Amino acid sequence: MQLIEERLRSLMLQSLAGDAAAYRMFLDELTARLRSYLRRRLGGLPDEVEDLLQELLLAVHNKRHTYDPKQPLTSWVQAIAHYKLVDLLRRRSRSNALTDPLDEDDQVFATTANAATEAKYDVEKLLRGLPDRQRLPILYVKIEGASVTDTAIRTGMSESAVKVGIHRGLKALAEKIRKIG
Amino acid sequence: MKTEDLVSLLSTGAQAVDLRRASRRWLLALAGGALMAFLLTAGLLKLNPVLWHETYKPMFWVRESYCAVLGVLGFITVVRLARPGLRLGLAPMGIPVAVIAMWVLAVVTLVAASPQNRAQLILGHTAVVCPFLIAFIAAPLLIALLWVMRSLAPTRLRWAGAASGFAAGSIGALVYSLHCPELAAPFLATWYLLGMLIPTTLGAWLGPRLLRW
């Protein structure tokens with residue numbers, strides 16, 4: 001547990017400083033942890049696991065500026081996961097009965113699970129619904145891996161508009177996913 | 001899309017994040033909200049004409065400290081509730097302590113006063129309007145605090161909204177006191193507190209509606 005905290009925290013701090021490779025490792029590890037956690041929590045709703053996992057990853061990404069370096073990284077993630085899970089269950093409880101009450105003691109970081117599957121909704125399709133000023137920066141920078149500068153030239157947008165477009169687009173994406181769920 | 005593709009999307013070209021942005025926004029919200037509250041107080045309600053004279057009375061400073069202490073404790077609570085997984089610490093517990101201290105002072109004042117003066121000490125001249133004017137003056141602060149809260153990640157939405165309302169109410173009361181002619185502890189213990197509780201209640205209602213993410 002202590003090891004996970006130290007490793008993830010140092011990866012997170014490097015990510016916040018702009019290290020994309022560290023961020024990738026951070027998200028990969030987080031994905032495995034969260035998937036296992038969600039499988040345990042959503043035993044009765046297996047179809048929801050990958051959906052909520054992607055929603056959680058987007059939330060962690062969009063809210064990463066709210067991490068306080070003085071606090072344990074694991075408690076920050078735990079609070080986000082718990083919030084999103086409660087939110088999902090509240091949305092679900094309108095349509096069907098929930099059998100498994102939420103257990104505060106269950107920890108995100110207890111175990112890991114791998115074997116990726118696909119989410120029900122298609123992020124790529126949702127991306128196509130975004131306006132160009134958000135869609136193109138995400139497509140070029142985040143999917144094709146172009147630099148912000150090249151994307152700015154290619155789209156005729158300013159560099160800061162490209163960055164804002166990515167930021168707002170990912171937030172809009174998270175919002176769309178939340179509405180579907 | 002596969003989850004691993006989403007991870008790749010999120011991490012590719014990830015930029016550095018400015019961790020001080022939240023602090024700057026909080027300061028901006030406080031400064032902007034307090035300025036608007038002051039303009040409303042000075043423009044619509046008018047400042048107390050004998051304000052400078054009143055600064056010689058100890059109760060003036062008791063009143064200002066009461067509002068300021070509640071404002072600081074409320075604001076610390078707001079800032080902590082805006083981030084996932086942060087402990088709240090001692091600040092929220094200081095709020096009832098300060099409120100009870102004012103109640104004790106109010107009771108002491110009432111006991112020491114002659115019976116025919118007691119009603120006057122509680123009601124003053126402005127009891128009917130005081131809570132509503134405090135809530136009115138606090139409105140820009142509440143809007144500003146909720147606006148910043150929305151850009152962060154509160155996980156206890158009702159509490160986050162209520163704390164924003166309480167911080168707005170107590171800072172609003174501090175600004176309103178520049179207009180208010182009342183200094184008696186029984187008045188402050190009743191009507192100032194009620195004035196702070198109006199935006200608190202409103203915030204608790206708005207929290208789950210405005211702050212979801």
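Start with the two domains of chain A: select 1–120 for domain 1 and 121–181 for domain 2, bounds that come from an automatic or database domain assignment. The model is predicted; local features need pLDDT of at least 70, side-chain atom pairs count only at pLDDT 80 or more, and totals for chains, interfaces and linings use all residues. Residues are numbered from 1 along each chain as its sequence is written, with chains lettered from A and ligands numbered from 1 in the order in which they are written.

Next, show the contact between these domains: eleven residues come from domain 1 of chain A and nine residues from domain 2 of chain A (contact: C-beta atoms, placed from the backbone, within 7 Å). On the domain 1 side, select helix 3 (48–62) and helix 4 (73–93) of chain A, which each supply at least two residues (helices are DSSP runs of H or I, at least four residues, numbered from the N terminus). Helix 3 of chain A gives the most to that side, seven residues.

Now display both chains. Their contact takes 40 residues from chain A and 25 residues from chain B. Among the chain A elements giving two or more residues are helix 1 (2–16), helix 2 (20–41) and helix 6 (132–143).

Finally, go to chain B and select helix 2 (residues 21–45) and helix 8 (residues 157–176), whose axes come within 9 Å and cross at roughly 40 degrees (axes are lines fitted to C-alpha atoms over the stretch in contact; angles run from 0 to 180 degrees between N-to-C directions). Show A34(B), A37(B), F38(B) and T41(B) of helix 2 of chain B with I171(B), G172(B), V175(B) and Y176(B) of helix 8 of chain B, which make the contact.

Terms used. Two residues are in contact if their C-beta atoms, placed from the backbone, lie within 7 Å.
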